[in-house]
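Morning, everyone. I will take one structure today and go through it from the whole chain down to single residues. Please have a look at it before I start.

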Amino acid sequence: MSFYDEITAAGIAGYDAAVDACTDGDVSRALSKSRTGDSLDLGDFMALISPRATPYLSDMAVLAEQYTRRRFGNTVSMYLPLYLSNLCLNNCRYCGFAAHNRFPRKFLTAEETRLECEAIRRMGYENILVVSGEDPRHCGMEYFREQLRIVNQYASYMSLEIQPLDTPEYREMKSLGVDYVCVYQETYDPECYRENHLSGKKRDMRYRMETPERVGDAGIDKVGLGALLGLYRWKSDVVALTRHLMYMRRHYPETRLSISFPRLRPAEGGFQPEYPLSDRQMIQCLCAWRLFDRELEISISTRESPRFRDVITPVVITSISAGSSTQPGGYAADHHDLSQFVINDSRSVAEVSAALRRHGLEPVFREARSQILELAGSEAAFPAA
Ligand code: SF4
């Protein structure tokens, strides 16, 4: 049974009410398990995101930070998105790249990708997230084969956020050097999903929701799950996403999992989120997630404000971006505005790094793997006597 079958059978309609019905007793049980290090179940998670847990937010934050530091040390991994293309055949109501929006479209040539990679390396990054709209006519496997071979020369860790693929294609992606695939479900509510995905392949909710399983089947190191908060009732989507996480832990124990909480931002087309999530509610969800799953990697993008990122990063975050551009060619060339969404934290890499250090955290731009390979290479050059 796939996760799509599981969540369809369960339905997510009752989650909002179930979260709101959590009692003080439920919250204190979940907190006490968190203090003693016991495992939390889905009911505990719901208690921690409920209104009854709000008065305990600072307790949750203290515990969450302890777990984050214990598991991940005092480091934060730095990554940068590389937008290859803003062409897209889908019509997602909330996205600036949607096919119905009229503005200049572009996909990078091999030479432009190389220039982008060089600019990214000059910024200090080796952890590169390759992003593209979904247009297999121009950006299909043949295109990605060529582009990823180039990116892989510059990246010590290569991630992918493009259209969902079949398992054999993910196997090939792995052979091209892809370490991590992000595929966000946007919302787990079927009706809301239909309303917001007007046309294109993304309308196929099952295919999208089963993508993390195909990535796991292909043996790729890490999968990123997420929901676009603000699209639907956030409590329901957050609980459904947690179930998705539990499913992946159960069925793919070897796969590392990451989660992202993109909140809807204004985009081309004037879309406004219907169910906005306050900073306080978002912090509560993030802390609940850390207490629920202490191995979970959590990333935060430049959609969030500098203040919010500075506050939440020491508590739960394991990877962040800084100095991002969401337009193809945005690092090496001065293109027209081709962006996917409005960036909220426009600080430079140096400014974000300095903010992290003020909180006692060290930004890490290189994956340990590349440092090990470098060391191994230098030992090969100087063989032991
Ligand atoms: S969210 Fe992705 S699939 Fe939807 S329009 Fe934007 S780029 Fe295309």
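This is a predicted model: local features need pLDDT of at least 70, side-chain atom pairs count only at pLDDT 80 or more; totals for chains, interfaces and linings use all residues.

Residues are numbered from 1 along each chain as its sequence is written, and side-chain values use heavy atoms, with hydrogens and water left out.

First, the whole chain. It contains 16 helices and nine strands. Here helices (H or I, at least four residues) and strands (E, at least two) are DSSP runs, numbered from the N terminus. The radius of gyration is 21 Å, close to the 21 Å that the globule rule gives for 385 residues, so the chain is as compact as a globular protein of that length. That radius is taken over C-alpha atoms, and the rule is 2.2 Å times the number of residues to the power 0.38. The C-alpha trace spans about 60 × 60 × 40 Å along its principal axes.

How much of the chain is buried? Of the 385 residues, 58% count as buried. Buried means under 20% relative accessible area, exposed means over 50%, and partly exposed is in between, with a 1.4 Å probe and protein chains only. As for contacts (heavy atoms within 4.5 Å), take those between residues at least 6 apart in sequence: 75% of them join residues at least 24 apart.

Now the strands. Two strands pair if DSSP finds at least two bridges between them. I will go through the pairs in sequence order. Strand E2 (residues 127-132) pairs with strand E3 (residues 157-161) in the parallel sense, over five bridges. Val131 has Glu161 in E3 as its bridge partner. Between the two strands the chain passes through helix H7 (residues 141-154), and this β-α-β crossover is right-handed. Right-handed means that, with the strands pointing away from the viewer, the path from the first strand over the helix to the second runs clockwise.

E3 in turn runs parallel to E4, joined by three bridges. Met158 is paired with Val178 in E4. Helix H8 (residues 167-175) sits in the right-handed β-α-β unit made with E3 and E4. Four of the five residues of E3 are buried, so this strand is largely enclosed by the rest of the structure.

Next, strand E4 (residues 178-182) is joined to E5 by three bridges, again in parallel. Cys182 stands opposite Gly224 in E5. E5 also pairs with strand E6 (residues 256-260), in the parallel sense and over five bridges. Val223 has Leu257 in E6 as its bridge partner. With helix H12 (residues 234-251), E5 and E6 make a right-handed β-α-β unit.

Why is E5 described as largely enclosed? Five of the five residues of this strand, residues 222-226, are buried, so the rest of the structure largely encloses it. In a regular strand the side chains alternate between the two faces of the sheet. In E5 both faces are covered: Lys222, Gly224 and Gly226 are buried on one side, and Val223 and Leu225 on the other.

Glu186 lies in the loop between E4 and helix H9 (190-196). Although Glu186 is not a glycine, its phi is positive, about 70°. Its relative accessibility is 8%, so it counts as buried.

Phe365 is in the loop between strand E9 (362-364) and helix H16 (368-381). Phe365 is buried, at 18% relative accessible area. Leaving out residues up to four places away in sequence, it touches Met78, Gly124, Tyr125, Glu126, Asn127, Val349 and Ser353. Phe365 and Ser156 are 209 residues apart along the chain, with 9.4 Å between their C-alpha atoms.

Phe308 belongs to helix H14 (residues 306-316). At 4% relative accessibility, Phe308 is also buried.

Last, the ligand. Which residues are closest to it? There are 11 residues around the ligand, and the closest are Cys88, Asn90, Cys92, Cys95 and Lys202. A residue counts as near if one of its heavy atoms lies within 4 Å. By class, this shell has six nonpolar, three polar and two charged residues. Nonpolar covers Ala, Val, Leu, Ile, Met, Phe, Trp, Tyr, Cys and Pro; charged covers Asp, Glu, Lys and Arg; the others, Gly among them, are polar.
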